[in-house]
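Here's a protein model to explore together. Keep the sequence and the 3D view side by side, and follow along as we go from one spot to the next.

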Amino acid sequence: MTLARSIAGCFILYAAGTLSSAAGVGGGALNVPILYNIFGFTYKESVILSLCTLLGNYISQFALNIDKRHPTKLSKPLIYWDAVLILLPSELGGSNLGVILSDILPDTLLYILAMVVLIIAGGLTLILGVWVFYAICYVIMNEFDTCSAIYYIILGIIYALLLCEIVWGLYYLMQQQKADPDSIADGDIVWSASAWYLPILSFGIGILTSLLGIGGGELMGPLMLRLQILPMVSSGTTSIMSLLNTSSGVLHYLILGDIDWSYAPWVFVLGAAAGFSGRITALVVAKYYGRPSVMVFALFGVLVVCFSIYIAYIFSYDVDMTFGSLCDNR
């Protein structure tokens with residue numbers, strides 16, 4: 001790869017990260033095609049380096065969001081920690097399972113899966129963006145053999161602990177809201193037993209994050225908007241959830257020895273710079289226009305660009321539908 005191509009690739013990767021962080025996501029669905037098509041990495045290498053880029057991006061976003069307050073209830077933080085308590089454990093569990101499945105599923109199937117996901121997320125985001133616009137106007141994995149019994153025993157223990165945390169968290173939030181109804185702010189979820197499906201959706205999002213090399217914001221953002229969480233709160237909350245989820249994925253690949261250290265530090269720094277510039281831009285734009293719908297439409301724009309890149313891939317490269325073997329890859 002020539003120096004000019006490398007510089008152009010870094011600039012495009014930075015621009016993609018800036019655009020994505022302005023929309024409140026990390027841009028993993030943009031990073032993977034860029035790393036694959038411009039830098040020439042394999043699909044799995046692109047997924048791993050995308051996670052490293054996202055880690056830097058989300059650290060910057062979290063640093064800028066941590067001291068912000070809720071837009072309608074200043075006594076509460078911008079980050080919706082109640083949702084994090086319920087949704088994050090299941091997303092982490094799904095992420096670990098996605099890492100395992102990434103060794104088996106063929107590249108072309110993963111690209112098609114990414115396109116389907118982007119269509120669903122993009123359509124939902126556009127509908128919610130129009131709705132908001134009119135409303136305003138009016139876990140660590142280990143180094144055991146993945147084919148051994150001890151590996152799956154430890155994996156089962158991890159999932160059992162995550163399930164216990166989710167059940168306890170849901171019960172705790174139900175009791176808290178019942179004891180202090182005034183603590184519920186605009187856009188907060190009213191927690192009840194009927195919210196059981198939310199961790200399941202979050203688990204599915206976690207699987208897709210590891211399979212597709214995204215941080216989860218592209219999927220968790222539309223879900224939170226569908227739950228009528230305020231756009232600014234949704235953006236701040238998805239950034240911390242995606243930070244922790246991405247950290248889990250990077251740590252998993254680190255333990256497995258799959259990270260390319262000749263590139264990982266550089267894309268991490270690039271992602272951090274993009275996350276900072278994009279988030280600053282988003283805060284300035286949101287304050288100037290005073291319309292939360294701007295952030296929703298920005299997220300939709302990112303999803304459209306991602307889908308376009310995946311379409312270009314499908315028509316430009318040979319189809320690979322060869323399934324791998326989990327045991328052969330370890």
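Let's start with I153, which has its place in helix α6 (residues 149–179). Helices here are DSSP runs of H or I with at least four residues, strands are runs of E with at least two, and both are numbered from the N terminus. I153 is partly exposed, with a relative accessible area of 48%. For that scale, buried means under 20% relative accessible area, exposed means over 50%, and partly exposed is in between (1.4 Å probe, protein chains only).

The areas come from the Shrake-Rupley method with a 1.4 Å probe, and for residues only the protein chains shown count as cover.

A quick word on the model itself: it is predicted, so local features need pLDDT of at least 70 and side-chain atom pairs count only at pLDDT 80 or more, while totals for chains, interfaces and linings use all residues. Residues are numbered from 1 along each chain as its sequence is written, and side-chain values use heavy atoms, leaving out hydrogens and water.

Now zoom out. The protein has 11 helices and zero strands. Of its 330 residues, 51% count as buried. The protein exposes about 14800 Å², and carbon and sulfur atoms supply 72% of that.

Which helix is largely enclosed by the rest of the structure? That's α2 (residues 28–37), because nine of its 10 residues are buried. Among those buried residues are V32, L35 and Y36.

These three turn up again around S46, a residue of helix α3 (residues 43–65). Leaving aside neighbours within four places in sequence, S46 is in contact (heavy atoms within 4.5 Å) with V32, L35, Y36 and F41. S46 is buried, at 0% relative accessible area. A polar atom of the S46 side chain lies 2.8 Å from the backbone oxygen of T42.

Rings of Phe, Tyr and Trp (its six-membered ring) pair if their centres lie within 6.5 Å; planes under 30 degrees apart count as stacked, over 60 as edge-to-face and the rest as tilted. By this rule there are four aromatic pairs. Two of the pairs are in the table.

| Pair | Centre to centre | Angle between planes | Type |
|---|---|---|---|
| F39 and F41 | 6.1 Å | 25° | stacked |
| F41 and Y263 | 4.9 Å | 85° | edge-to-face |

F39, F41 and Y263 form one aromatic cluster. F39 counts as buried at 13% relative accessibility, and F41 does too at 10%, whereas Y263 is partly exposed at 35%.

Last stop: charges. A salt bridge is a side-chain nitrogen of Lys or Arg within 4 Å of a carboxyl oxygen of Asp or Glu, and the count comes to two. D67 pairs with K68, their closest N and O atoms being 3.4 Å apart; here D67 is exposed at 54% and K68 is partly exposed at 29%.

Notes: Polar contact = N/O pair within 3.5 Å; in protein donor to acceptor, adjacent residues only side chain to side chain.
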